[in-house]
Amino acid sequence: MGNQCDVCAIHPHLDLYGSDRVFITTVEALSRAGLRTTVRVNPGADVATRIEGVNLECARFPVLRRIEFTRLRILRTLARLMLHSIRARRQLAGARVVYVNTVTCPSWLVAAWLSGCPAICHVHECEPDWSRLRSKLLLMQLFFATRVVANSSATREWIGHTWPSLLRRTQVIYNGIDDPLHGVVARGIADPDELLVIGRLAHRKGQDVAIKALSVVRQTVPGARLTIVGDCFPGSETYVRNLSELAETLFDDSEAVTFIGWDEDVGRWMERAGLVLIPSRVEPFGLVAVEAMIRGKVVIASKIGGLREIISHGSTGWLVERNDPSALAEACITLRLNCDLRNQMGRRARESAVSHFGADRYRAEIADLCHEMMKRY
């Protein structure tokens, strides 16, 4: 890197989903706090076009994928990461703090440790269904971090269950978003029959559960429809085909399920929706839930992970057992047929989201942590 900076912020992903958008807010926080920041990303990263006022460096570095935890790949993966750690150490010269977003680029944490620079790792992942060995291998990198930020208590618990000694250095900072309504109450333009799922198309996100639930909902609400917004990781096309085949099998009506694909403007889809569904099988935080709630939308979500910390069941949203289409359908029907309950819950949801998950609170906590690191180390 070769230039002096207060924080060197590392981001591995090319796309623009939850942790990617949180990273943009993080960089904004550092800039607003007057911290000289250098951002390092892989070439082609979407976040690079949305970051201003910082020194931006694009250069390729290794990123972990789930497939690399197989027996055939793990040794080669570790060797590649260690080689990059040795090279990357020189690129951190001049940085006072290294901030690494997600646990998918561990070589930067090792490089920071080798260079004697304090490092923060922001963990957006939570894999409670993983084997203990697999979790230990992934989270071992956190021993090279000076401080660890977990995006929810569920994530912190997973870290502590895997490596109890890491709890001492791990703190929870909830993600935050700006209020898209700017204090203006949302207009009632939603279609009560419109159900919405937003997120990466993946088995862990449970879009198949939502499609199965719709088939039950339409027995009581024949006009109910489901819109699915998002695309998939390369290599996950089979799951997407399976979703399409499932919809064709369950519904004669071609308009029952609509696949939109990737769309950065999730707000326009939320405005149309009567209910926002998050049928995830795994969810470390649940940024879509906050984005929907802050718009006054009622969210029906799986009772897992960070979603349990965002939503108060029956008050600011509705929680159901994961992987249960019948429970999801029952909740949809209950809220669809009770307009007063839906409106009251939407108002409380917005109040809760603005109060607890605003971007200003998040920016302040992240900036304070970096200032603390610069003073102490």
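How many helices and strands does the secondary structure of the chain come to? The secondary structure comprises 13 helices and 13 strands, where helices (H or I, at least four residues) and strands (E, at least two) are DSSP runs numbered from the N terminus. The radius of gyration is 21 Å, close to the 21 Å that the globule rule gives for 377 residues, so the chain is as compact as a globular protein of that length. That radius is taken over C-alpha atoms, and the globule rule is 2.2 Å times the number of residues to the power 0.38.

This is a predicted model, in which local features need pLDDT of at least 70 and side-chain atom pairs count only at pLDDT 80 or more, while totals for chains, interfaces and linings use all residues. Residues are numbered from 1 along each chain as its sequence is written, and side-chain values use heavy atoms, leaving out hydrogens and water.

**Overall build**
- The C-alpha trace of the chain spans about 65 × 50 × 35 Å along its principal axes.
- Of the 377 residues in the chain, 55% are buried (under 20% relative accessible area; exposed is over 50%, partly exposed in between; 1.4 Å probe, protein chains only).
- Among contacts (heavy atoms within 4.5 Å) with a separation of 6 or more, 68% join residues 24 or more positions apart.

- An open sheet is built from 6 strands in the order 10-9-8-11-12-13, with parallel pairing; two strands pair if DSSP finds at least two bridges between them.
- Its edge strands, strand 10 (257–261) and strand 13 (318–320), each pair on one side only.
- On average, neighbouring strands of this sheet are turned by 25° against each other, direction ignored.
- Strand 8 (residues 191–198) and strand 9 (residues 225–229) run parallel and are joined by 5 bridges.
- Val197 has Ile228 in strand 9 as its bridge partner.
- Helix 6 (residues 207–220) lies across strand 8, strand 9, strand 10 and strand 11 (273–278), at about 170° to strand 9; axes are lines fitted to C-alpha atoms, for helices over the stretch in contact, and angles run from 0 to 180 degrees between N-to-C directions.

**Cysteines**
- The disulfide count is 0, a disulfide being a pair of cysteine sulfur atoms within 2.5 Å.
- The closest cysteine sulfur to that of Cys126 is in Cys121, 14 Å away, which is too far for a bond.
- Cys126 counts as buried because its relative accessibility is 6%.
- Cys232 is also buried, at 18% relative accessibility.
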